[in-house]
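Open the structure in your viewer and keep the selection tool at hand. Each stop below says what to select and what is there.

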Amino acid sequence: MKNLINAAIILAIAVTFSFIYSCQAKEAKQERPNIVFIMSDDHAYQAISAYDDKLIETPNIDRIAGEGMLFTNASVTNSICAPSRATILTGKHTHIHGKVDNVFPFDTTNVTFPQILHENGYQTAMFGKLHFGNNPKGFDEFKILPGQGDYYNPRFITDKGDTTIMGYVTDIITDLTIDWFDNRREEDKPFMLFYLHKAPHREWFPAPRHYKEFTKRTFPEPETLFDDYEGRGTAAKEAEMNLLKHMTVSADNKIYPQLAKDLGIEEMSEWGFRVFKSKYNRFTEEQKKEWDAVYGPINEEFSELYPNMNDSAYMRWKYQRYMQDYLGCIAAVDENVGRVLDYLDENGLSENTIVVYTSDQGFYLGEHGWFDKRFIYEESFKTPLLIKWPEKVKPGSVTDEMVQNLDFAQTFLEAAGVEAPDDMQGESLMPLLTGQTDKWNRDAVYYHYYEYPGFHMVKRHYGIVTKDYKLAHFYYDIDEWELYDRKNDPMELNNVYNDPDYQDVVKEMTQKLKEIRKKYKDSKELDQHYIQKYKDRGLIKE
């Protein structure tokens with residue numbers, strides 16, 4: 001009997017300690033931060049009022065900066081969608097992970113940081129636009145758009161099969177996110193959520209509530225709208241992303257194809273007409289009725305104005321139409337970011353959650369007469385980045401340190417207390433976020449763009465950027481160097497590479513470029529390797 005009592009006491013003690021240990025372990029797990037990674041597509045930093053309020057107010061996105069940190073020198077390693085996303089996931093430059101452009105497939109043997117977090121106890125989910133691959137690794141659940149996806153009544157790829165959801169894509173992605181929070185989030189695990197918007201990617205179809213408002217607005221023109229590219233090299237002069245010459249009047253500016261043809265407007269190809277028809281035909285009858293009620297009068301007015309427009313007037317008209325739709329798309333993004341931030345606040349999740357807002361790259365909003373991205377030039381190279389983490393990041397803080405999308409993977413892993421793989425090439429942003437700036441020593445970042453010949457015909461180039469200067473080498477079918485003084489020439493109008501007053505800077509930056517190429521394991525041999533891959537695929541005609 002005595003032995004039975006002793007055994008019972010020992011068992012009770014063991015159960016008690018087991019329970020205490022379990023509770024402590026659970027509490028320790030919960031101490032690891034949650035991560036909400038919000039990324040839109042082609043969202044220019046100029047279109048976030050925390051950076052500049054000339055074009056639009058974005059109060060909800062601004063909340064992240066107000067409660068955390070605004071990065072004014074954040075950039076990408078390669079300003080094009082899929083390569084940027086692959087860099088974010090892997091923490092590696094594009095020449096290392098292999099996704100150098102939107103053409104070649106992603107090497108799925110790459111290890112991504114969501115996989116690592118998942119293996120270390122994080123619940124993971126992804127909703128929205130990934131843009132490459134239909135089965136993202138390391139996620140418990142995903143619903144992603146196929147390729148670019150659609151603004152209206154979009155189709156989603158899921159781990160259980162495809163589905164079409166009626167409505168507007170920005171609202172739907174948020175609905176899916178909040179539904180996951182409500183119904184499938186495991187409270188005993190930290191979570192890592194990818195909340196990824198399609199907007200404001202081309203061809204910029206806003207929601208009715210916003211196109212009814214934004215099509216009535218007029219926006220200030222950038223100083224360089226009519227840039228003639230003097231003082232720059234061949235690449236700027238030959239790129240095909242000029243609003244007047246290359247923006248389609250139908251798909252981009254929403255002029256009905258038949259009207260455009262009746263007016264004798266010649267496009268570079270039938271592409272713009274086909275795209276508009278395919279997007280318009282996704283509308284339900286009710287959606288078409290709403291659309292036509294607003295865009296029909298715009299078409300009628302254009303039919304009267306166009307015959308008397310000179311190039312200057314036509315350029316200005318295209319710019320306004322571009323801004324009305326582009327910024328209308330962003331208005332929906334901002335509203336929906338607010339929905340998610342409110343949910344976190346109202347459900348007690350904000351305190352230990354890192355919230356990031358960024359874009360996969362920058363974008364031209366008429367600067368230099370351009371739309372799109374791809375260049376190492378400022379509006380394309382820089383990207384918005386706002387991060388909040390209560391108790392860790394000082395509210396309203398700002399940094400101008402040189403950071404990149406290359407750094408996200410290691411930042412999240414360090415925040416989660418997980419060691420990053422040795423082959424990741426970024427640097428954790430934790431010293432900047434936590435005010436330990438003395439531990440941050442990067443003074444330059446590296447950039448390399450590959451997709452040429454290709455859409456928009458931006459030539460291959462690589463370069464190095466510091467707070468003060470930017471040096472770029474354009475290669476393959478040309479051999480040209482450009483140097484810009486970022487402080488004294490912020491609009492990058494004057495290439496000073498051959499200016500006698502800058503020869504010491506040229507020498508210093510050229511040496512730094514050689515060193516950074518070596519550091520990140522890029523080389524002339526790799527340049528040729530990727531050129532040869534284009535030749536092998538028939539993308540370059542010899």
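Which residues touch the most other members of the largest nonpolar core? Select Y322, Y326 and L327: these touch the most other members among the 68 residues of that core. Now extend the selection to helix α13, residues 311–346. This helix supplies the largest share of the core, 16 residues. A second, separate core has 45 residues, including F71, A74, A409 and M424.

Keep in mind that this is a predicted model.

**The whole chain**

Zoom out and colour by pLDDT. The mean over the chain is 94, and 94% of the residues reach 70 or more. Now pick residues 7–29. Here pLDDT stays under 50, and the model has 3 contacts beyond four places in sequence for this stretch.

Switch to cartoon view. The chain has 18 helices and 16 strands. Its radius of gyration is 25 Å, close to the 24 Å that the globule rule gives for 542 residues, so the chain is as compact as a globular protein of that length. Along its principal axes, the C-alpha trace spans about 105 × 65 × 45 Å. Of the 542 residues, 59% count as buried. Among contacts with a separation of 6 or more, 69% join residues 24 or more positions apart.

**Around Y326**

Return to Y326 and show its surroundings. What does Y326 touch, beyond residues up to four places away in sequence? The partners are D42, H43, A44, A47, P200, W204, F363 and L365.

Follow one of those partners, P200. P200 is in the loop between β8 (191–196) and α7 (208–214). Look at the peptide bond from A199 to P200: it is cis, with omega near 0°. Step along to E203, which is also found in the loop between β8 and α7. The peptide bond from R202 to E203 is cis, with omega near 25°.

Which strands make up the open sheet of 10 strands, and in what order? The order is β7-β6-β5-β4-β8-β1-β9-β10-β2-β11, with mixed pairing. Start at the edges: β7 (161–164) and β11 (397–399) each pair on one side only. On average, neighbouring strands of this sheet are turned by 15° against each other, direction ignored.

Next, select β1, residues 34–40, together with β8. These two pair in the parallel sense over 5 bridges.

Helix α2 lies across β2 (69–71), β9 and β10 (385–388). The helix runs at about 60° to β10.

Most residues other than glycine have a negative phi. The last two stops have a positive one.

Select R374, in the loop between β9 (353–359) and α14 (378–381). Its phi is near 80°, a positive value in a residue other than glycine. Is R374 buried or exposed? R374 counts as buried because its relative accessibility is 4%, below the 20% cut-off.

Finish at Y476, in the loop between β15 (469–474) and β16 (480–485). Phi of Y476 is near 90°, again positive in a residue other than glycine. With a relative accessible area of 32%, Y476 is partly exposed.

Methods:
Residues are numbered from 1 along each chain as its sequence is written. This is a predicted model: local features need pLDDT of at least 70, side-chain atom pairs count only at pLDDT 80 or more; totals for chains, interfaces and linings use all residues. Side-chain values use heavy atoms; hydrogens and water are left out. A nonpolar core is a set of buried Ala, Val, Leu, Ile, Met, Phe, Trp, Tyr and Cys residues joined through side-chain atoms within 4.5 Å. Buried means under 20% relative accessible area, exposed over 50%, partly exposed in between (1.4 Å probe, protein chains only). Helices (H or I, at least four residues) and strands (E, at least two) are DSSP runs, numbered from the N terminus. Contact means heavy atoms within 4.5 Å. Two strands pair if DSSP finds at least two bridges between them. Axes are lines fitted to C-alpha atoms, for helices over the stretch in contact, and angles run from 0 to 180 degrees between N-to-C directions. pLDDT is the predictor's confidence in each residue, from 0 to 100. The radius of gyration is taken over C-alpha atoms; the globule rule is 2.2 Å times the number of residues to the power 0.38.
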